[in-house]
Amino acid sequence: MNSNVIIGTAGHIDHGKTTLIKALSGIETDTTTEEKERGMSINLGFAYFDLPSGKRCGVVDVPGHERFIKNMLAGVSGINLVLLLVDSREGIMPQTKEHIDILSLLGIENYIIVMTKIDLVEEEYRELVKEDIKEFIKGTVLESSPIVEVDSISKKGIGTLLEIIDKKTEDIEAKNVEKNARLNVDRAFQVKGFGTVVTGTLIEGAVNVGDELTIYPREIRTKVRNIQVHSTDVEKAYAGQRTAINLSNIKFDEIRRGDTLATTGSLIKTYMLDSEIKLINDERANLELWDRVRVYVGTVEVMARVVPLGTDGITKGESGFVQLRLEEEVAVKNYDKFIIRTYSPMITIGGGVILDANPKKHSRFNEEILAKLKVQLEGNSKELISNYLLSHNNYLVLRDEIKKDLQLVELDLENDLEELLSDRIIFKTKLGYIHIKKYEELLEKLKTILSDYHKRYKLKVGIPKIELMSKFKLSQKEFLEIFELFIKNNEVRLEGNLVAEKDFEVNYDKKQIAEKERIERELLKGAFTPPTIKELTNGIKSNIELLDSLVDNTIIRLDAELVLHMDILDEAIKKIEEHFISSEKLTLAEFRDMTGSSRKYSMAILEYIDKLGVTRRVENYRILAKK
């Protein structure tokens with residue numbers, strides 16, 4: 001059972017919302033002098049009441065006057081159930097229809113229709129009004145909603161209404177308190193002695209006293225000093241609760257309605273939104289390229305230009321993908337819902353859902369983008385993860401980043417990742433996951449580089465790994481992780497520090513084989529004092545190329561002038577390890593004596609062995625590196 005139920009009241013001006021809330025809760029939501037004098041709710045009311053089952057309901061009184069539609073839109077964020085009020089004397093009004101359109105477009109499906117002021121109307125007339133209401137809601141999301149008759153002054157029908165509210169909120173899904181905290185600010189004001197206070201419905205996560213949060217979209221850091229839920233101080237507020245939060249380190253003029261208070265780093269700031277939009281069935285509801293509209297998302301109103309995707313425009317009653325180019329920055333998440341009104345005159349024409357909160361400008365008829373948006377719309381979590389990894393700026397994406405950005409439940413994420421790995425749609429590394437298409441993109445580039453290298457250097461086993469790394473726009477860590485994946489999947493071959501196509505072999509002709517054997521023979525004969533590169537090749541280009549082909553294969557390069565046979569290197573390492581059995585230090589002179597080498601060669605060989613990590617130089621001697 002969810003004890004954090006948010007109920008919204010909607011309806012035409014003077015149809016009795018404020019009076020009904022007072023009858024239910026004992027709280028009058030017309031709180032300002034202006035509101036009392038004018039007899040209408042200008043701002044969002046803030047009340048609560050308890051149901052027979054013990055559930056506590058927060059109430060949002062959304063204004064009904066045309067001029068205050070914006071406030072009404074601000075209030076519906078996070079609502080579980082709507083009481084749609086209809087004055088028994090007047091019946092359905094044009095404003096009522098717009099409210100139904102807005103609430104339906106925002107995805108609210110739970111309604112009770114409340115006929116108010118029944119004591120002022122004869123029963124026969126009330127029956128006619130009820131029939132009109134039933135006819136009006138036919139074919140809409142409200143069609144099966146109960147109709148309850150009440151009089152808020154005499155309290156007639158209030159008990160029945162409370163029982164029906166209780167029943168209608170039995171199966172309301174609990175809000176996800178594991179998610180990052182997010183509250184769309186619908187009020188900001190100062191309280192003497194306390195400072196800045198904001199109110200709104202906590203639509204996700206939980207907030208504790210002392211939490212450090214960020215005000216979006218300006219990204220101002222603040223701290224929670226105090227929390228009130230239903231006029232009571234609490235240490236923690238949960239998703240689904242109407243909440244007042246006292247903030248420290250923030251000036252009153254630094255926060256306003258339309259801002260969002262959220263966990264730092266949890267929201268995307270953006271000037272563009274890729275979305276699906278549904279238009280109402282009204283002659284005025286059409287959207288064409290570059291139409292200027294008003295977008296209401298969370299508690300903010302922002303102007304935008306419409307760019308239809310995959311179509312030239314959207315006509316009344318239809319749905320379609322669009323990119324909204326905003327005139328101001330907003331901070332939102334994928335799957336946030338919004339309403340669209342015409343620029344002038346202000347008429348509600350549709351609503352939508354954000355599918356990509358941080359898109360790039362792209363072609364209007366890009367099939368890949370359209371396919372991606374369809375996946376987003378369907379909301380299959382496995383496909384969402386796959387699509388997210390494919391469209392991410394990085395090749396490797398950490399598990400926690402996937403969970404945070406897609407707001408997935410831990411168990412679902414775990415199962416989806418396992419299935420995607422099993423199906424080889426994604427691969428796993430220590431630095432995160434990579435989509436197979438990105439993997440193949442890098443592999444294709446790698447194979448092209450290797451193919452070109454082998455054609456150019458027919459006598460070389462492969463390209464040095466460090467040279468290969470420089471050809472990719474990846475960090476060293478990323479490259480090495482992805483390269484390990486290639487090796488593991490037997491895509492390429494690693495010979496020492498040389499990377500080759502897995503089937504590549506150096507083919508020497510008879511003359512080259514004889515030259516190769518001569519070089520290797522002379523290096524073995526020279527042992528720890530081998531001939532120089534110049535002496536081995538006589539400066540002949542073909543001999544130099546052949547010697548290069550042996551580097552990191554049967555010989556190693558000590559420096560620009562010297563090479564050493566690998567067997568001699570292994571012998572040097574063996575002598576060093578034997579020396580350290582009875583001694584803690586090794587000097588250059590000791591190494592020179594044990595190998596019968598010169599100082600010049602001894603120094604070059606020891607420095608190479610240092611690089612291998614076998615030994616480590618300390619002042620003028622060596623120790624074993626592991627010590």
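Guide: Two ground rules. This is a predicted model, where local features need pLDDT of at least 70, side-chain atom pairs count only at pLDDT 80 or more, and totals for chains, interfaces and linings use all residues. Residues are numbered from 1 along each chain as its sequence is written, and side-chain values use heavy atoms, with hydrogens and water left out.

Visitor: Why are α14 and α16 called roughly perpendicular?
Guide: The axes of helix α14 (residues 510–526) and helix α16 (residues 541–550) cross at roughly 65 degrees and come within 10 Å. Angles from 65 to 115 degrees count as roughly perpendicular, under 35 as roughly parallel, over 145 as roughly antiparallel, and the rest as oblique. That is why α14 and α16 get the label roughly perpendicular. The axes themselves are lines fitted to C-alpha atoms, for helices over the stretch in contact, and angles run from 0 to 180 degrees between N-to-C directions. Helices are DSSP runs of H or I with at least four residues, strands are runs of E with at least two, and both are numbered from the N terminus.

Visitor: Is the crossing of α14 and α16 left-handed or right-handed?
Guide: Right-handed. The near helix is turned clockwise from the far one in that case; left-handed is anticlockwise by less than a right angle.

Visitor: Which residues meet between α14 and α16?
Guide: Gln512, Glu515, Lys516, Ile519 and Glu520 in α14 meet Asn543, Leu546, Leu547 and Leu550 in α16. Contact means heavy atoms within 4.5 Å. Sorted by class, this contact has four nonpolar, two polar and three charged residues. Ala, Val, Leu, Ile, Met, Phe, Trp, Tyr, Cys and Pro count as nonpolar, Asp, Glu, Lys and Arg as charged, and the others, Gly among them, as polar.

Visitor: What makes α8 roughly perpendicular to α10?
Guide: The crossing angle again: the axes of helix α8 (residues 381–391) and helix α10 (residues 410–422) cross at roughly 65 degrees and come within 9 Å. So α8 ends up roughly perpendicular to α10. The crossing is right-handed. On the α8 side, Ser381, Lys382, Ile385 and Ser386 meet Leu413, Asp416, Leu417, Glu419 and Leu420 of α10. Those residues divide into four nonpolar, two polar and three charged.

Visitor: What makes six strands a barrel here, and what is their order?
Guide: They close up, in the order β17-β22-β20-β19-β23-β24, with antiparallel pairing. From one strand to the next the twist averages 40 degrees. Strands pair if DSSP finds at least two bridges between them; strand β17 (residues 268–279) and strand β24 (residues 348–356) have six, running antiparallel.

Visitor: Why are β32 and β33 called edge strands?
Guide: The open sheet has three strands in the order β32-β34-β33, with antiparallel pairing. Both β32 (586–587) and β33 (615–618) pair on one side only. β33 meets strand β34 (residues 621–624) over four bridges, and Thr615 stands opposite Leu624. β33 and β34 form a hairpin with two residues between them, and Glu619 in the turn has a positive phi of about 55 degrees. Helix α19 (residues 599–611) lies across β32, β33 and β34, at about 115 degrees to β33.

Visitor: How do you know that Phe427 and Tyr439 form a tilted pair?
Guide: Rings of Phe, Tyr and Trp (its six-membered ring) pair if their centres lie within 6.5 Å; planes under 30 degrees apart count as stacked, over 60 as edge-to-face and the rest as tilted. Phe427 and Tyr439 sit 4.4 Å centre to centre with 40 degrees between the planes, hence tilted. Phe427 is in strand β25 (residues 426–429) and Tyr439 in helix α11 (residues 436–456), so the pair ties together parts 12 residues apart in sequence.
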